[in-house]
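Please consult the sequence and the structure as shown.

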Amino acid sequence: MHHLRENAPISRASLAEMTGLNKTTVSSLVSELIDRQFVREVGLESHGSGKVAGRRAMMLALYPEAGYIVSCEIGVDFISVICTNFAPEIIWRHNELIDPGMGQRVIIERTLALLHLAIDAGMKFCNTFLGVAVGVPGLVDQDSGILLFAPNLGWKDAPLLAILQESIAAPVVVDNDAKLAALGEHYFGVAQGYNEVLYISAGVGLGGGIVHNGSLFSGSTGVAGEFGHMTMVPGGERCSCGNRGCWETLVSQKALFRDIRREIKKGRDSVLIEITNGNLDRLTVPIVVEAANQNDDLTIKTLEKIGQHLGIGISSLVNGLNPELVVFGGILSLAGDYLLPIVQEELDKRALRWNRKATKVVTARHGFDACLMGGVAKIYQDILAEPDNVERQGTLVLPVQSLELANHLIRKEVK
């Protein structure tokens, strides 16, 4: 199924060649997968494929209606949810802004309400609910599913997996957002075909993920990849984690806005003053990119400074991890045209030449959706490993104490 997913449409003979299995075994396995409705025949291979005339093979692909998957990202200031079929194609999505000040309980219950809407959308597509994945901006204990620490949300020891499992009668996964994004790009994005991948996500904070030998690397307790909290400047800016001088304090959306405001406060002129009508609290990354596209000197210089710090950190990680590919994602990747040339310069100066020669740096294909696609990939991964575990029915069950509030939230207009 893994080879079929990556190479569809594909014939049984090609699957046998790729996997090293004999044709009889492949034919038997394919028949089983077709019976389970994971795979379907999609017609004979096209002419001109190099095959002997009269012996065109039947092509195979994943069956979109095999089931639906719901994936969610709880960000620092947003919730995003998608529902996909098994292709996977997005059949429903919703994004909304939140304020961390709303509090943990309200945000989680709002998330449950949106998950309910996504599941309802999936049930209209087919009756097989394959699972839910939720990405969060913090440390997640892999055994318990407890969100140990989300500094930019201000959450500690939130039993997120248990809450979701109480409300959803299907497999549920909770993991760090950047780690899921790394998996999403590996399965469905620019990192397909690469076994050693470093993913860096720069948004409100800075996180990362590692794909090692084709699988997500989690570390001994499941919290690997917190690169944003490497100390870069001892005694530097206070980080949301409580430390000082973390990489996140130099490379993040917050760092970008902070540096711009400081320079303008010193008297530097910028088109950003006009764009925001003098209210620099309205700064967004798209607005900053717009100013850079207008050749605003302050904006370009600030982005170059961010790019330098980004490149220094990536160079150290490249020397330590020796990846084939570095993928840059998160909201700051919108400024990739200005950041990545500086990152390349820093890599050329600082990375060992043997590592530098082996490493490419690219922006994430899925952008804002990288974590969401990673959630889909995680459910996929579990299904591909154990297809026997998939049940052909799936429903959402809300506990009595949450039902009234959830129904109230669901009744609100979703725009």
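Which residue in E17 does Phe328 stand opposite? Phe328 faces Thr363 of that strand. The model is predicted, so local features require pLDDT of at least 70 and side-chain atom pairs pLDDT 80 or more, while totals for chains, interfaces and linings use all residues. Residues are numbered from 1 along each chain as its sequence is written, and side-chain values use heavy atoms, with hydrogens and water left out.

**Sheet**

- An open sheet of mixed pairing is built from five strands in the order E15-E14-E13-E16-E17; strands (E, at least two residues) and helices (H or I, at least four) are DSSP runs numbered from the N terminus, and two strands pair if DSSP finds at least two bridges between them.
- Strands E15 (215–217) and E17 (360–363) stand at the edges with a single partner strand each, so one side of each is left without a neighbour in the sheet.
- On average, neighbouring strands are turned by 25° against each other, direction ignored.
- E16 (residues 325–329) and E17 run parallel and are joined by four bridges.
- Helix H6 (residues 177–188) packs on the sheet and touches E13 (197–202), E14 (206–212), E15 and E16, contact meaning heavy atoms within 4.5 Å.
- The direction of H6 makes about 45° with that of E14; axes are lines fitted to C-alpha atoms, for helices over the stretch in contact, and angles run from 0 to 180 degrees between N-to-C directions.

**Helix packing**

- H6 and H13 pack at about 70°, with their axes 6 Å apart.
- The two helices H6 and H13 are therefore roughly perpendicular (65 to 115 degrees).
- Among the contact residues are Leu180 and Tyr187 of H6, and Met373 and Tyr380 of H13.

**Pockets**

- The largest pocket has a volume of about 960 Å³, a pocket being an open set of points on a 1 Å grid over the protein atoms alone, where a 1.4 Å probe fits, with protein on both sides within 12 Å along at least five of seven lines; the volume is the space filled by probe spheres set on the points.
- Its lining has 46 residues, with Glu73, Asp77, Phe78, Gly203 and Val204 closest to the centre; lining residues have an atom within 4 Å of a point.
- Elements that each supply at least two residues of this lining include H6, E13, E14 and helix H13 (370–385).
- The second largest pocket holds about 300 Å³ of space.
- Of the 15 residues lining the second largest pocket, Met1, Leu21, Leu29, Val30 and Leu33 lie nearest its centre.
- H3 gives the largest share of that lining, five residues.

Key. Parallel < 35°, antiparallel > 145°, perpendicular 65-115°, else oblique.
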